[in-house]
Amino acid sequence: EMQRLPEAVQLIEKASMMYLENGTPDTAAIALERAGKLIENVSPEKAVQLYQQAASVFENEERLRQALEMLGKASRLLVRGRRLDEAALSLQKEKSIYKEIENYPTCYKKTIAQVLVHLHRNDYVAAERCVRESYSIPGFNGSEDCAALEQLLEGYDQQDQDQVSEVCNSPLFKYMDNDYAKLGLTLVVPGGGMKKKSPNAAQDKARGPAAVGSHADEEEDEYSGGLC
């Protein structure tokens with residue numbers, strides 16, 4: 001039976017095309033979704049394609065919630081298959097539609113997923129840009145999602161594995177969809193977790209112990225008159 005699945009899916013695809021031609025797009029989209037479910041465990045790549053086709057049909061019919069459901073399935077399968085470049089694009093599409101229907105809290109969650117995908121792609125710049133662009137989403141700036149992402153990016157940039165792990169083990173990240181939670185739990189900072197040294201620390205090391213003492217004295221002098 002498993003061997004005949006691709007054949008069955010092909011027939012359902014043909015049927016969905018006929019539904020579209022006959023002016024029943026909803027039935028076509030539902031058929032594509034069913035085909036995706038059938039083939040998902042055998043050929044995730046084909047399932048992604050079917051879910052994306054179903055999403056496109058639903059979107060054309062302005063049934064955006066159903067389109068989002070299909071896109072969500074496609075995004076998770078892409079992450080599971082480590083097709084991260086495509087996953088990043090799929091998540092961006094989801095986020096745009098959630099913004100369009102003014103479901104802002106879900107936009108925040110999609111931003112977290114995007115950042116995790118970009119960091120697994122070793123693209124810190126794209127991850128940072130994602131957060132920066134999300135400041136335009138009402139309520140994002142000042143949300144716990146925003147604070148956690150800023151902390152995550154700071155830890156990643158400073159190669160501080162402890163800080164990154166602390167954020168990724170927080171309930172906000174752990175209780176996401178399983179595929180995204182796994183991305184958080186397996187995120188490793190570049191450089192194997194060796195923290196970047198501050199410029200002062202590097203200079204002090206080069207100049208020896210006496211310099212460390214004088215640097216500390218300078219700081220003490222600076223604040224000796226109080227903070228006002």
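# Briefing: helix packing and the nonpolar core

The axes of helix α6 and helix α8 (residues 144-157) come within 10 Å of each other and cross at roughly 10°. Because angles under 35 degrees count as roughly parallel, α6 and α8 are described as roughly parallel to each other. On the α6 side, the contact is made by Y108, K109, T111, I112, V115, L116 and L119. On the α8 side, D145, L149, L152, L153 and Y156 take part. The model described here is predicted.

**Overall make-up**

- The protein contains 13 helices and 0 strands.
- Of the 228 residues in the protein, 40% are buried.

**The largest nonpolar core**

- In soluble globular proteins, nonpolar side chains tend to be buried together.
- The largest nonpolar core of this protein has 58 residues.
- Helix α4 (residues 64-80) gives the most to this core, with 9 residues.
- Domain 1 (1-62) and domain 2 (84-190) both contribute residues, so the core lies between them.
- The residues with the most contacts inside the core are V115, L116, L152 and F173.
- Leaving out residues up to four places away in sequence, L116 touches L152, C168, F173, M176, Y180, L183, G184 and L187.

- V117 lies in helix α6, which spans residues 104-120.
- V117 has a relative accessible area of 0% and is therefore buried.
- Residues up to four places away in sequence aside, V117 touches V79, L84, A87, A88, L91 and L183.
- V117 and R82 are 35 residues apart along the chain, and their C-alpha atoms are separated by 9.3 Å.
- L119 is also placed in helix α6, and its relative accessible area of 1% makes it buried.
- Beyond its neighbours within four places in sequence, L119 is in contact with Y124, A127, L152, L153, Y156 and L187.
- The C-alpha atoms of L119 and G184 are 9.6 Å apart, although 65 residues separate the two along the chain.

- L149 belongs to helix α8 and is buried, with a relative accessible area of 0%.
- Its neighbours within four places in sequence set aside, L149 is in contact with T111, I112, V115, V131, F140 and F173.
- L149 and C168 lie 19 residues apart in sequence, with a C-alpha to C-alpha distance of 9.6 Å.

**Helices α1 and α3**

- Two packed helices are described by the angle between their axes and the distance between the axes.
- For α1 and α3, the angle is about 10° and the axes are 13 Å apart.
- This angle makes α1 roughly parallel to α3.
- The contact is made by V9, E13 and L20 of α1, together with K46, Q49, L50, Q53 and V57 of α3.

**S16, a buried serine in helix α1**

- S16 is located in helix α1, which covers residues 5-21.
- With a relative accessibility of 2%, S16 counts as buried, because buried means under 20% relative accessible area.
- A polar atom of the S16 side chain lies 2.7 Å from the backbone oxygen of E13.
- S16 touches A28, A31 and L32, not counting residues up to four places away in sequence.

**Positive phi values in loops**

- E62 is found in the loop between α3 (44-60) and α4.
- The phi of E62 is near 60°, a positive value in a residue other than glycine.
- E62 counts as exposed, at 69% relative accessibility, because exposed means over 50%.
- Q159 occupies the loop between α8 and α9 (161-168).
- The phi of Q159 is also positive, at about 55°, although Q159 is not a glycine.

Methods:
Residues are numbered from 1 along each chain as its sequence is written. This is a predicted model: local features need pLDDT of at least 70, side-chain atom pairs count only at pLDDT 80 or more; totals for chains, interfaces and linings use all residues. Side-chain values use heavy atoms; hydrogens and water are left out. A nonpolar core is a set of buried Ala, Val, Leu, Ile, Met, Phe, Trp, Tyr and Cys residues joined through side-chain atoms within 4.5 Å. Buried means under 20% relative accessible area, exposed over 50%, partly exposed in between (1.4 Å probe, protein chains only). Helices (H or I, at least four residues) and strands (E, at least two) are DSSP runs, numbered from the N terminus. Domain bounds come from an automatic or database domain assignment. Contact means heavy atoms within 4.5 Å. A polar contact is a pair of N or O atoms within 3.5 Å; within protein, one must be able to donate a hydrogen and the other to accept it, and residues adjacent in sequence count only if both atoms are side-chain atoms. Axes are lines fitted to C-alpha atoms, for helices over the stretch in contact, and angles run from 0 to 180 degrees between N-to-C directions. Angles under 35 degrees count as roughly parallel, over 145 as roughly antiparallel, 65 to 115 as roughly perpendicular and the rest as oblique.
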